Amino acid sequence: MNKPIIAVDMDDTICHLVKRAIYHNNIEFPTHPLRYEDMMDWNTDHLRHPDSTMDLFFGRPGLYEELELFDEYVTEEMEKLHNAYDVIIVTAAVPKTVLEKWNWLQKHMPYIPAENFFTCKRKHLIGFDLLIDDGPHNLLPAVQAGKKVLCIPHPWNLRAREEYAFPLMTSWQGAKERVDEILQTRQ
């Protein structure tokens, strides 16, 4: 029997990317400090210093290996999910960040095998039963395709959460039980 497939995003879902990118940005560009609460959209060009390009903001060498875990529950809950379901990591990445992301994943969740690590931006094209993600551009196409989702709330997805009422997961505590409940209520 095939296990349900749980697709899990990395950045700002199991680890904190934006907060760490802000930290580096504020050191390098102190005249244009950023705050997590102000990140209300994916396009933050108007908030960042003109020299702080998206490539610099998200492409600093070593950035993805130094990210903090989302919370103290994430590794244990991800292992529970991995043992019960077919968990795949589905993360947007450019070629220069793929190895860093893999290294981070192996450091914190070595039970996730290489064949369950996918890099792509159009996540809705992958077959899964449930997507755990923070990006409205991933959550909405999944819902429209009839798939279950869990949204990790952040300022940049507030408008989409209000408009589409995605189910939320604010902490990884109890994530396995939450996923069990959602998958039992198949449509």
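Predicted model: local features only at pLDDT ≥ 70, side-chain atom pairs only at ≥ 80, totals over all residues.
**Figure 1. The whole chain, from end to end.** Let's start with the parts list: the chain has seven helices and seven strands. Starting at the N terminus, they come in the order β-β-α-α-β-α-β-α-β-β-α-β-α-α. The C-alpha trace spans about 55 × 35 × 30 Å along its principal axes. A compact globule of 187 residues would have a radius of gyration near 16 Å, and the chain has 16 Å, so the two agree. Of those 187 residues, 49% count as buried. Now take the contacts between residues at least 6 apart in sequence: 65% of them join residues at least 24 apart.

**Figure 2. Helix H3 and what covers it.** Zoom in on H3, which runs over residues 74–84. Which of its residues are buried? They are Val74, Glu77, Met78 and Leu81. Looking down the axis of H3, you find these buried residues within an arc of 100°, so they line one face of the helix.

Figure 3. Rolling a probe the size of a water molecule over the atoms shows where empty space is left. In this structure there is one cavity of 30 Å³ or more. Around the largest cavity sit Val18, Met39, Asp41, Trp42, Thr44, Phe57, Phe58 and Trp156. Sort that lining by type and you get six nonpolar residues, one polar and one charged.

**Figure 4. The largest pocket.** This pocket has a volume of about 590 Å³. Its lining takes in 25 residues, and the ones nearest its centre are Asp11, Phe58, Tyr64, Ala92 and Lys121. Helices H2 (54–59), H4 (95–108) and H5 (136–144) are the elements that give two or more residues to this lining. Which of the elements gives the most? That's H2, with four residues. By type, the lining of the largest pocket splits into nine nonpolar, six polar and ten charged residues.

**Figure 5. The second largest pocket.** Here the volume is about 160 Å³. Eleven residues line this pocket, and Val143, Lys147, Lys148, Val149 and Pro167 are the closest to its centre. What types make up the lining of the second largest pocket? Seven of its residues are nonpolar, two are polar and two are charged.

Terms used
Residues numbered from 1 in each chain as written. Heavy atoms only, no water. Buried < 20%, exposed > 50% of the residue type's maximum accessible area, 1.4 Å probe, protein only. Arc of directions from axis to C-beta. 1 Å grid on protein atoms, 1.4 Å probe; cavity = no way out; pocket = protein on both sides within 12 Å on 5 of 7 lines; lining within 4 Å. Points joined across faces, edges and corners; volume = space filled by probe spheres on them. Nonpolar A, V, L, I, M, F, W, Y, C, P; charged D, E, K, R; others polar. Rg over C-alpha atoms; globule rule 2.2 N^0.38 Å. Contact = heavy atoms within 4.5 Å.
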